[in-house]
Amino acid sequence: MQAETQKQRGGFLHNDNVVGYLFAAPFIISFLCLTLIPMAMSLYYSFCNYKIAALPEWIGLQNYANLMKDATFRNSLLVTIQYVIIGVPLKLVFALLVAMLLTRPTKLQGFYRAVYYIPSLIGGSVAVALVWKQLFGSRGPVVSLIKTLGVPNFNFFGSTTWAFLPLVLCNAWQFGSSMLIFASGLKQIPKDYYEAAEIDGAGAVKRFFKITLPILSPIILFNLIMQLISGFMTFTQAQIITDGGPNYATNYIALNIFKEGFSYQHMGYACAQSWVMLLIMAAVTGIIFKTSSHWTFYES
Amino acid sequence: MEKRRAINNVIYHVFVVAFGLLMIYPVLWMILSSFKMKSEILGTNAPFLPSKWVFQNYPDGWRGSGSLTFATYFKNSIVVSCLGTLGTVISSAMVAYALARVDFKGRKFWFTAMIMTMLLPGQVLMIPQYIIWNRLGLVGTFVPLILPKFLGWPFFIYMMMQFIRGLPKELDEAAMIDGCNKYSIFARIILPLLGPSIITTIVISFYWIWDDYMGPLLYLSKPALYTVSLAIKGFADAQGTNFGPMFAMSTLSLIPVFLLFLFFNRYLMDGVTAGALKG
Amino acid sequence: MKKTIIALLLVAAMLCAMPAFAEKAEGWNNVNAEGYQFPDYSGKTLSLMWWGSDTRARMTEEVIHLWEEKTGATVEFEYYDGGTYWTQFQAKMAANDLPDVFQMGNNWLTYYDTIEPLNAWIEDGTIDTTAISEAMLATTINQANGDVTGMSNGTNARCFAYNPAIFDEAGVPYPTDNWTWDDFAAAARKIHETTGNPAITTLEYNSLAFSTVTQWKEGYNFYAMDGSDFAFNGDTEPLAYIFELLTTLQQEGVIADYGIQNEIGQNIEADWIAFGDAAMVMLSSNQFQALSNVAAESGITLELATIPRVHADGQSGMVVRSSQEMSMWKGSEDKDMAANFLNFFVNSIEANRILNCERGVSINSDVLAALKADTELTNEVTAKVYTIIDLIGSMPDAANSSPAEPAANEEISDVLKKTYFQGLAEGKFASAQEAADKFWAEAQEIWAKF
């Protein structure tokens, strides 16, 4: 097939390699000029004692050796994984449900979507942090409710066990972009698929599993990968709501890296942590990509 | 049957509205706070509605700090966000097309490279990137914020790739037979069918650029170039924060993104454009 | 004849020397004097960077314009919120492209390589220090080598604010100038009993631990004065004492738990004391104005007190420090001009009537006198700040309690709070003594990394 088209429209500009590189050029340029050099530099720094104020000084594998016995780093990996395992599915399921809820054709659909989308617009601002602290604070409505249920002296932000929950909820609450992507994916599903299924007597549940999920699977894969990455990178909320506390219960890896690099002046060590994190994430995304061929369906 | 549908409808709307209120409670809180005195914003038993409406927060906030008002900051944010969004859409669609539909050598490599770029935390890339822009003499301009958007944004590239892969390949093949080449397939077949994901890209990338704080912080370096998100942070300090004006300006800063959403969402709704794909 | 010639020569020599002599006359460099001449910097550009709120930005810009008018120079300035200022600063530092003048904190040892010492301009008089006492100047001097790292924009001190109405309600005496931790614990317990609320919410754990070491015995300090090393001798008893005291009080509910402290976080104005829900707070004296403003909205008047000490007749452990100074960049291309700006910023009464000690109490006694004399600029609240700064500054041990912050301090302080104070509350250590010993061991490990 490919050879055939090549023959049909010969000429340099129509060679697949040329077309490919022409269209991919923007990314390749940015990768070579703006990303590759900084990535290489951070890899180099990870073998150095680098304080920003002074020039990097080569120390070999010392940073990586220190990582092995760094309890704070280990803890931050663990709490990050906990955050990702609980937070990512929650957010995705939530976003998909709301997206489906709001595809129902009514005059108010646009308005409803806008309302559900607003929370995402205010991002990681100071306002969100303050609201969250008041909502989940020691005198806030949520804690009052829990106290009436018979748990005295309960307090989210003082509890190493529960401090992560307001952060996970805050992340799930800002599901707007995932919802929008699901919504536009749902829109791409041809209506006659459903009509045909309905004629065949398939119920709503069956239609969801037999039509919606398979056709949406590439989008689900995309949202899953992206939410995993952003879950691993979670930073702003942990910084402005809990500052990693109490007793490192929400000291997520990106926050720990930021503290090491900028507050404590160990930029080389921070880079080493980043590369370990990169390896872990590359393994996780690699596994998902490998298995995805079994559960994603592309039109072809 | 009709009756049951009507009841269903009522249940649906009641549920969506009730749940929606819960969703936007924090946003309402912020908007109402922009009319409150400080003690009512921060108090442990603060009322939901302002006990006394303070409208002064708006003019106080608008005048910003020093000789520049928020008019400048809004103008800057609009310039950066519009150009950045434009760049994101064009470049990401192009790259996505190449990676999803063109069978060129090294395609897998570049796809992997793109995913890898997202796996390093921005915190460690910040300094080397800053050094590069500084060497280029472009710190203190909008260029470091806008130019990279014209060079593809991995998140949106990958998103559009997934949408393109959802389009039947037969379409391309049919177009080929009709005499289209790879360029005209992109322009005439793929782009029009990508409609929903392009709208999504516009809406999401606009507000991400609008909300971005780290980029403006590092690269703008003079107040005349500050964006709204950076200027709003200027109200906050450990030594005392002007909460009322800060929330007033945060509320105003929601309006452009909200309007943009309302405008573009029409194209994501059913019934407005006919289902683009028919088997 | 010969005598006449010599006389003439002498006169001529004197005439030649006259202009130079006149220029260097007493007070020639006093920016507040009638005849002070600003140099002409037309066509030149000075860059400047600071952190702070919009209020500060407005005032600072006004002073900048004043200096621009007087010298003809153009000032390019930028400002950020305190939290992210350092990220921005480090990026500029990495690119070796800092502004001519930048605001610096007590952490100047960390950024020492970027700072040009001001000694030369102080010696030649460009920066006038006649109205600045030695103690005040010393707040920004590196004691290891005498380098002046910057001109302080104002000094402040860590202290306690309290609500006298709640003390009255609980029937406990107000804090005295030398109240002890025992006095504090007794008062706080009584207040907690009466109100049912925590008596105090926000505490700065790391600085309390360090000041307890200083208070313990004469000659004790955690860091060496020049920040080059620990001064701590390994006697962890004072650390165990403060660990035990604060943790016990917290478990009794007298001190708010870490959850509540986290909720308040960096927002001093959100502290419960501002709403009558707590009786005390530990703060920096330059936060008192903002806190008082919020409290006033609920009809609450606050007072300032010293930090409790271990022995009533012992060391205070308190210190007047420069929290913010303006420093000159080592790579600045026109350092004389930068020095002239620094002089104007710190010494000019005209400029400081605008700045009005918002960054901290002015170190220039002429400036301070002018501000205090003006009832429009000095209100009840600022007067309380002036009083506490005077009080703390006059304490006998004030001068030897102010070590420079070593580069390792940030990490050591964070670990002290999160691993040890919070870990002790979580029951991760068998005793306060164990926590203290382990902390000291880890602090030394952290130091070794620098």
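Reader: How do you know which part of chain A has the lowest confidence and which the highest?

Author: The pLDDT scale runs from 0 to 100. Helix α1 (residues 2-8) of chain A has the lowest mean, 48, while helix α4 (residues 71-101) of chain A has the highest, 94. In residues 1-7 of chain A the pLDDT is below 50, and beyond near neighbours in sequence this stretch has 2 contacts in the model. Where pLDDT is low, the predicted coordinates should not be read in detail.

Reader: What makes up the contact between chains A and B?

Author: Chain A contributes 80 residues and chain B contributes 84. On the chain B side, the elements that each supply at least two residues include α1 (2-33), α4 (70-101) and α14 (243-265). Sorted by class, that side holds 56 nonpolar, 18 polar and 10 charged residues.

Reader: What is the make-up of chain B in helices and strands?

Author: Chain B has 14 helices and 0 strands. Its C-alpha atoms fill a box of roughly 70 × 70 × 30 Å along the principal axes. Of the 279 residues in chain B, 52% are buried. Among contacts in chain B with a separation of 6 or more, 72% join residues 24 or more positions apart.

Reader: Which residues touch the most other members of the largest nonpolar core?

Author: They are B:Tyr97, B:Ile157, C:Ala161 and C:Leu342, in a core of 291 residues. Helix α4(B) gives the largest share of this core, 12 residues. What counts as a contact is a pair of C-beta atoms within 7 Å. Leaving aside neighbours within four places in sequence, B:Ile157 has such contacts with A:Phe27, B:Ser92, B:Val95, B:Ala96, B:Leu99, B:Met114 and B:Gly152.

Reader: Why are some residues of α9(C) called buried?

Author: Because each has 20 or more other C-beta atoms within 10 Å of its own, and C:Pro238, C:Leu239, C:Tyr241 and C:Phe243 are among those that qualify in α9(C). The buried residues of α9(C) pack against α7 (181-195), α8 (205-216), α16 (409-425) and α17 (432-448) of chain C. After α9(C) comes C:Gly253, with a positive phi near 90°.

Reader: What do the buried residues of α11(C) pack against?

Author: Their partners are α2 (38-42) of chain B and, from chain C, β6 (158-162), β7 (280-284), β8 (303-305) and α15 (380-393). The buried residues of helix α11 (residues 288-297) of chain C include C:Phe288, C:Leu291 and C:Val294. C:Gly299 follows α11(C) and has a positive phi, near 75°.

Reader: How is chain C divided into domains?

Author: Domain 1 of chain C covers 45-154 + 323-390, and domain 2 covers 158-319 + 399-448. Their C-alpha centres lie 29 Å apart, and 18 residues of domain 1 are in contact with 20 residues of domain 2. On the domain 1 side, α15(C) gives the most, with 6 residues.

Terms used:
Residues numbered from 1 in each chain as written. Chains lettered and ligands numbered in written order. Predicted model: local features only at pLDDT ≥ 70, side-chain atom pairs only at ≥ 80, totals over all residues. pLDDT = per-residue confidence, 0-100. Helix = DSSP H or I, 4+ residues; strand = E, 2+ residues; numbered from the N terminus. Nonpolar A, V, L, I, M, F, W, Y, C, P; charged D, E, K, R; others polar. Buried ≥ 20, exposed ≤ 12 C-beta atoms within 10 Å, placed from the backbone. Domains from an automatic or database assignment. Core = buried A, V, L, I, M, F, W, Y, C linked by C-beta atoms within 7 Å.
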